[in-house]
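Let us walk through this protein step by step. Keep the structure in view as you read.

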Amino acid sequence: MTTPVTIIGAGLGGLTLARVLHVHGIPATVHEADPSAESRAQGGQLDIHEEDGQRALADAGLTDEFGAIIHEGGDAARVLDQHGALLLDIPSDGTAVRPEVLRGDLRRILLDSLPEGTVRWGSKVTDVRPLGDGRHELTFTDGSTVTSNILVGADGAWSRVRPLLSDARPVYTGTTFVETYLHDVDERHPATAALVGRGAMYALAPGKGIVAHREAGGILHTYVELSRSAEWIAATDFTDTAAASARVAAEFDGWAPHLTALITDGETAPVARMIHTLPNGHRWDRVPGVTLLGDAAHLMPPSGDGANLAMFDGAELGKAIAQHPDDVEAALAAYEKELFPRSEACYADAHEILDLCLGERAPQSLVDFFSGHPEGQDEAVAQS
């Protein structure tokens, strides 16, 4: 196949697709709205699963590069109550089947594996128009246009490509994660660093929680989880760092000071990330020449699956195109046949994990989950 694949979005899924296509000798162009690879932070740590994320990286020929960026010991986890009392401690044993890496490091090894010029930075799509015969015309903010023969929307929650396939739009789940950071924690915030430990820490109660990950370089990356209305979030002025931090911290009145320090001592402006989801089991009828992957296809609450699924989607789509080099529609149909049931199963897991963290039994529900209690599960969870 000499027809290039046009990919919208240089997230992990889109880049994995481009890399797997490259491995099979199929050209691809990735259009990304960001002006450069370094223009914004790429988020925190991800636990990369054997069954999907690691398989995708193997298909991309990047297993060794992945091994070099693993955060050793980052798979440790602990659950606390609101007073800082330790309810469960799971130390790292050095044999993690779901090792932790920084999203930015993972994106870097994917970018470095692509031929120069594959990613077109500062290339934001403003319109997509079907031309017939599976072709689509894309218009960008600078007025330029491109015609695609194979179009893949890897452009996240608010995908510009999705409307070609589906009328579904993301809806707010009623939960928001407020992101904060502490730096040089062992020297400047030793008590808080000790509470968090060497990996992930979950301090939870019904409707709210403080979840933190230790990252390389003495960094604590925190997600403050709140079940609050969209109106409550809108009424919080996140452009005023002090006021926003105080309002969020007030929701944790009476909690251990070394926990709330993750909010009040934050060294970056708090960022509210409202959690949206597409309908459970989101799917669409086959439309010639176009498909979706990652959050564009199956946006769901954070459960540790999002990045893994996106990369696996990208690898599976790349292999399907390589297996059907002369029949694009056969390739896209084969990919979507597996995509839909795979995504549907993960939707159920994602909503269950959100309830484990913020439901009426928290934090005991998460302790049960980690411990393999009959009411829980037998595998660990990490936020992504």
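This is a predicted model: local features need pLDDT of at least 70, side-chain atom pairs count only at pLDDT 80 or more; totals for chains, interfaces and linings use all residues.

Threonine 222 belongs to strand 15, which covers residues 219-227. Is threonine 222 buried or exposed? Its relative accessible area is 0%, and buried means under 20%, so threonine 222 is buried.

How far can you trust the model? The mean pLDDT of the protein is 92. A value of 70 or more is reached by 95% of the residues. One stretch needs care. Over residues 374-384, pLDDT stays under 50. The model has 40 contacts beyond four places in sequence for this stretch.

Now go to the start of the chain. Strand 1 spans residues 5-8, and it pairs with strand 2 in the parallel sense. Four bridges join the two. Isoleucine 7 has valine 30 in strand 2 as its bridge partner. In a regular strand, side chains alternate between the two faces of the sheet. Look for this in strand 2, residues 28-31. Ala28 and Val30 point one way, while Thr29 and His31 point the other way. All four of these residues are buried.

Helix 1 covers residues 12-23, and glycine 13 lies in it. Glycine 13 has a relative accessible area of 5%, so it counts as buried. Which residues does glycine 13 touch, leaving aside its neighbours within four places in sequence? They are Leu293, Ala310, Met311 and Gly314. Glutamine 364 is 351 residues from glycine 13 along the chain. The C-alpha atoms of glycine 13 and glutamine 364 are 34 Å apart.

Next comes a sheet. Strands of a sheet pair through backbone hydrogen bonds, either parallel or antiparallel. Here, three strands form an open sheet in the order 8-9-10, and the pairing is antiparallel. Strand 8 (125-132) and strand 10 (145-148) are the edge strands, since each pairs on one side only. Neighbouring strands of this sheet are turned by 20 degrees against each other on average, direction ignored. Strand 9, residues 135-140, is joined to strand 10 by four bridges. Threonine 139 stands opposite threonine 145 in strand 10.

Finally, turn to the aromatic rings. A pair of rings is described by the distance of the centres and the angle of the planes. How many aromatic pairs does a search of the whole structure find? It finds five. Phenylalanine 369 is buried, at 3% relative accessibility. Phenylalanine 370 is buried too, with a relative accessible area of 12%. Ring pairs link these residues and Tyr202 into a cluster.

Charges also sit over rings. Lysine 208 lies over the face of phenylalanine 252, 5.7 Å from the ring centre. Arginine 247 has its charged end over the ring of tryptophan 232, 4.3 Å from the centre of that ring.

Methods: Residues are numbered from 1 along each chain as its sequence is written. Side-chain values use heavy atoms; hydrogens and water are left out. Two strands pair if DSSP finds at least two bridges between them. Axes are lines fitted to C-alpha atoms, for helices over the stretch in contact, and angles run from 0 to 180 degrees between N-to-C directions. Buried means under 20% relative accessible area, exposed over 50%, partly exposed in between (1.4 Å probe, protein chains only). Rings of Phe, Tyr and Trp (its six-membered ring) pair if their centres lie within 6.5 Å; planes under 30 degrees apart count as stacked, over 60 as edge-to-face and the rest as tilted. A charge sits over a ring if NZ of Lys or CZ of Arg is within 6 Å of the ring centre and within 35 degrees of the ring normal. pLDDT is the predictor's confidence in each residue, from 0 to 100. Contact means heavy atoms within 4.5 Å.
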